[in-house]
Amino acid sequence: MLTATKTHTTEDIEYLHHGDTALKLRIFRPEGDGPFPTVVDLHGGAWCKNDLTACGPRNHVLAESGLAAAALDFRHAGDGYPTSLIDINYAIRWLKANAGELRLDAERIGISGQSSGGHLAMLSAMRPFDSRYSSIPLDGGLPDIDACVRCVGMSWPVINPLSRYRYALQERRNGSEWVGDIPESHDLYWGTHKNMIDGNPVCALENGEAVQIPPAIWVQGRPDPVHDYLDPESELGIKEPERFAQRYREAGGNIEVLYIEQTERDSRASFDPLAAFFRKHLG
């Protein structure tokens, strides 16, 4: 289905099937012939909620700035870790393999995500060659294509599933209303502490794992107790955005942490810096 606006079109495509269940992606494509640099975009929802429609406001801004965006549906919730990463890895390779037909530039692919989607974006970018994540081959004898991306844009990511779980449980005991069903969402998707450690960009860096470290930006609202917090068991004494940025830089990566007003985070105050970041790194 192709839908036109004043500045871009949107197109929904089924990119993968699991049994009778089809996974879709929605491409926001600027006017023109292309090929367009492309941002793969991942919705949030504590790894358990929402779908690709949650990416719409951000993707409209990306398309208006001359970038294509591909919002994904992927397995989550009770399907559990690492199913989301498997689908995302496949989607990146599928988009590269079909870039010519889709008027996308396979050599200029970035990835973005909000909240739990930001976590998935960074983890996918760090481990494009992980044999678990890349376990689904491309169909039809397509060439061997990797899931590497050139840059990562994160909007208030849950970068450390284990620390957020511990923090949410602590704050529930303290009576904080924001906690809601966050611990239960972690339990549903992750299942075990071992999985929260395995699928954890912070632990990967602090454990010295050999990972990819493309240029990155972290857009963070303040005050935001859900994403901008101190790990109860960390010895660094700094909140998770700065902790991750410190570890990323120590590993040789380039990352900017941009703070904005929390009340403006779902607006151009966060969308425009992302668009500028991707224009810089995707050309």
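Reader: Between which two elements does the loop that holds Trp47 lie?
Author: This is a predicted model, in which local features need pLDDT of at least 70, side-chain atom pairs count only at pLDDT 80 or more, and totals for chains, interfaces and linings use all residues. Residues are numbered from 1 along each chain as its sequence is written, and side-chain values use heavy atoms, with hydrogens and water left out. Helices (DSSP runs of H or I, at least four residues) and strands (runs of E, at least two) are numbered from the N terminus. The loop that holds Trp47 lies between β4 and α1.

Reader: Is Trp47 buried or exposed?
Author: A residue is called buried under 20% relative accessible area, exposed over 50%, and partly exposed in between, for a 1.4 Å probe and protein chains only. The relative accessibility of Trp47 is 2%, so this residue counts as buried.

Reader: What is the phi of Ala46?
Author: Most residues other than glycine have a negative phi. Ala46 lies in the loop between β4 and α1 (56-64), and at 13% relative accessibility it counts as buried. Trp47 has a positive phi of about 65°. For Ala46 phi is positive, with a value near 55°.

Reader: Which residue is joined to Pro35 by a cis peptide bond?
Author: Most peptide bonds are trans. Pro35 is placed in the loop between β3 (21-30) and β4 (36-42). With omega about 0°, the cis bond joins Pro35 to Gly34.

Reader: Which residue is joined to Pro223 by a cis peptide bond?
Author: Pro223 belongs to the loop between β8 and α9 (240-250). Here omega is about 0°, and the partner of Pro223 in the cis bond is Arg222.

Reader: Which residues does Gly221 touch, leaving out those up to four places away in sequence?
Author: Gly221 sits in strand β8 (residues 216-222) and is buried, with a relative accessible area of 0%. Counting a contact as heavy atoms within 4.5 Å, Gly221 touches Trp156, Ile260, Glu261 and Gln262.

Reader: How far apart in space are Tyr81 and Tyr189, C-alpha to C-alpha?
Author: Tyr81 lies in the loop between β5 (68-72) and α2, and its relative accessibility of 10% means that it counts as buried. Among the residues that Tyr81 touches are Leu123, Arg132, Tyr189 and Trp190. Tyr81 and Tyr189 are 108 residues apart in sequence, while their C-alpha distance is 6.1 Å.

Reader: At what angle do helices α2 and α4 pack?
Author: Two packed helices are described by the angle between their axes and the distance between the axes. The axes are lines fitted to C-alpha atoms, for helices over the stretch in contact, and angles between N-to-C directions run from 0 to 180 degrees. Helix α2 (residues 83-97) and helix α4 (residues 116-126) have axes 10 Å apart, at an angle of about 65°.

Reader: Which residues of α4 make the contact with α2?
Author: Eleven of the eleven residues of α4 are buried, so this helix is largely enclosed by the rest of the structure. From α2, the contact takes in Ser84, Leu85, Ile88 and Ile92; from α4, it takes in Leu120, Leu123 and Ser124.

Reader: How many charged residues are in the contact of α5 with α6?
Author: Helix α5 (residues 161-173) and helix α6 (residues 182-190) pack at about 145°, with their axes 9 Å apart. Among the residues in contact are Arg164 and Arg172 of α5 and Glu184 and Asp187 of α6. Ala, Val, Leu, Ile, Met, Phe, Trp, Tyr, Cys and Pro count as nonpolar, Asp, Glu, Lys and Arg as charged, and the others, Gly among them, as polar. On this division, seven residues of the contact are nonpolar and one is polar, and the number charged is four.

Reader: Which residues of Val211's surroundings are in contact with it, leaving aside neighbours within four places in sequence?
Author: Val211 is found in the loop between α8 (201-206) and β8. With a relative accessible area of 15%, Val211 is buried. Its contacts are Met126, Ala204 and Leu205.
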